[in-house]
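Hello,

Here is the structure for you to look through. Please open it first, then read the notes below.

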Amino acid sequence: MGVRAGREVATLTQESAHSPALADVFLPGPVLLLGAPGVGKGTQAQLLMADYGIPQISTGDILRDNIARGTELGNAAKGLMAQGQLVPDQMVNNMVGARLEQPDVNRGYILDGYPRTLGQAEWLDSHLVSLEKAAGAVVLPLVAINIRVDEQVLLRRITGRRICAQCKHIYNVYSKPPKQEGICDFEGSPLQHRSDDTETAFTERMKAYNSLTAPVIEHYSRQGRFREVNGDRAVEEVTGTIEASLRQLRQAGV
Ligand code: AP5
C-alpha cells in the first residue's frame, strides 16, 4: 500500500505483481496502447478494461467530452481535432495529470492515444516518477503495446466507424454493425459518426501520426518496455495477443 494526497491507496508494486498469491488475478499495471488512427486502440482498451477492471484513459474521449460540454478546453481543441491536427502538448499533459489524480488508477490503467509526441512521453515519464515518489512505493512502470495495421485498411475502418454517444461502444458498419442500423445495441440511442472520420481529416491525422507519434514508438522500444502486435486480425485474437504480451512483459520483470 502507498499513501498519496493524505489518503491510503492500493498501489500495485513490483513485489505484489510477481507474488504467487496474485498469479491467478493478473493485473497488467499501467499500459499504453499506441498505433495509427483506426488500428483499434479504443476497441482493445474497452476489452482490456472489462477483463482487468482498470480504467481506460482516452485523451480523444476526454477532449470530445469537453467539446460536447462547450468548455474552454473543448472550444480550443475543436477546430484542431476536426482538421486532424494534434492539440498542444501542454493542454493534454494537464488533462492527463488531472486524470491520474483520480483514485481508480491505483490498480493500473490503460492510456489510449496518449502520449503521442516525444514531448508528451518525456513529460509523462517525469510525472510518473513524481507520482511514485509521492506514493512512497515502487509502482510498476508503464508498458507500451504498439498495434500495427496497414494504412489502406485503416481508411475503411475510420469511415465505417460509428460510436454510441452514451456508452461509447464502438461499431463499424462493415465489420461490426449494430443489430439495428444506426442504433446502439445497449442504449437504443442513435449512433454518431465522428467529425474527424472523413477521408480528408484521416490524411491529416496520418501525417501527424507519421511525423510526431512514430518517435514515441522508438522512445518506448529503446526502453525495453514494449511489444508490437498485428492488429489486422479478429478483434478477440488481437486482445489475446495483447494480454499474452502484457503477461510476458511483467513476468520478465518489466
Ligand atoms: P483519438 O480519439 O485518440 O483518435 P485516434 O488516435 O486517431 O484513434 P482512433 O480513435 O481514430 O482509432 P482507434 O485506434 O481507437 O480505433 P477504434 O478502436 O475506434 O484522437 C482524436 C483527436 O484528438 C486527434 O486527432 C487529436 O486532434 C486529438 N488528440 C487526442 N489525443 C491527443 C494527444 N495525446 N495529443 C494531442 N492531440 C490529441 O477502431 C476503429 C474502427 O475499426 C472501429 O469502427 C472498430 O469497430 C474497427 N475495428 C477495431 N478493431 C478491428 C479489427 N481487429 N478488425 C476489424 N475492425 C476493427
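Predicted model: local features only at pLDDT ≥ 70, side-chain atom pairs only at ≥ 80, totals over all residues.

Glu 204 is partly exposed, because 17 other C-beta atoms lie within 10 Å of its own, and a residue needs 20 or more to be buried. Glu 204 is found in helix H8, residues 199-222. Which residues does Glu 204 touch, not counting those up to four places away in sequence? They are Gln 83, Gly 84 and Gln 85. The C-alpha atoms of Glu 204 and Leu 86 are separated by 9.7 Å. Along the chain, these two residues are 118 residues apart.

Next, the strands. Start with E3, residues 29-34. Six of its six residues are buried, so the rest of the structure largely encloses this strand. Strands of a sheet pair through backbone hydrogen bonds, either parallel or antiparallel. With E5, residues 108-112, the pairing is parallel and has five bridges. There, Val 31 stands opposite Ile 110. With E6, residues 143-148, E3 also pairs in the parallel sense, over four bridges. Here Leu 32 has Ala 144 as its bridge partner. In a regular strand the side chains alternate between the two faces of the sheet.

Now look at an open sheet of three strands. Its order is E8-E7-E9, and its pairing is antiparallel. Strand E8 (170-172) and strand E9 (191-192) are the edge strands, so called because each pairs on one side only. E7, residues 161-164, runs antiparallel to E9, and two bridges join them. Ile 163 has Gln 192 in E9 as its bridge partner.

Lys 168 is found in the loop between E7 and E8. Its phi is near 70°, a positive value in a residue other than glycine. Is Lys 168 buried, exposed or partly exposed? Lys 168 is partly exposed, with 16 other C-beta atoms within 10 Å. The peptide bond from Tyr 114 to Pro 115 is cis, with omega near 0°. Pro 115 is in the loop between E5 and helix H6 (118-135). For background, most residues other than glycine have a negative phi, and most peptide bonds are trans.

Last, the helix pairs. Two packed helices are described by the angle between their axes and the distance between the axes.

Take H3 (residues 59-69) and H4 (residues 72-82). They pack at an angle of about 115°, and their axes are 8 Å apart. H3 and H4 are therefore roughly perpendicular to each other. Their crossing is left-handed. On the H3 side, the contact has Leu 63, Asn 66, Ile 67 and Arg 69. These meet Leu 73, Gly 74, Ala 77, Lys 78 and Met 81 in H4. By class, the contact of H3 with H4 has five nonpolar, two polar and two charged residues.

Then take H2 (residues 41-52) and H9 (residues 235-251). Their packing angle is about 60°, with the axes 10 Å apart. H2 and H9 are therefore oblique to each other. H2 passes H9 in a right-handed crossing. H2 brings Thr 43, Gln 44, Leu 47, Leu 48 and Asp 51 to the contact. H9 brings Val 235, Val 238, Thr 239, Ile 242 and Glu 243. By class, the contact of H2 with H9 has five nonpolar, three polar and two charged residues.

Best wishes

Note on methods: Residues numbered from 1 in each chain as written. Buried ≥ 20, exposed ≤ 12 C-beta atoms within 10 Å, placed from the backbone. Axes fitted to C-alpha atoms, helices over the stretch in contact; angles between N-to-C directions. Parallel < 35°, antiparallel > 145°, perpendicular 65-115°, else oblique. Left-handed = near helix turned anticlockwise from the far one by under 90°. Contact = placed C-beta atoms within 7 Å. Nonpolar A, V, L, I, M, F, W, Y, C, P; charged D, E, K, R; others polar.
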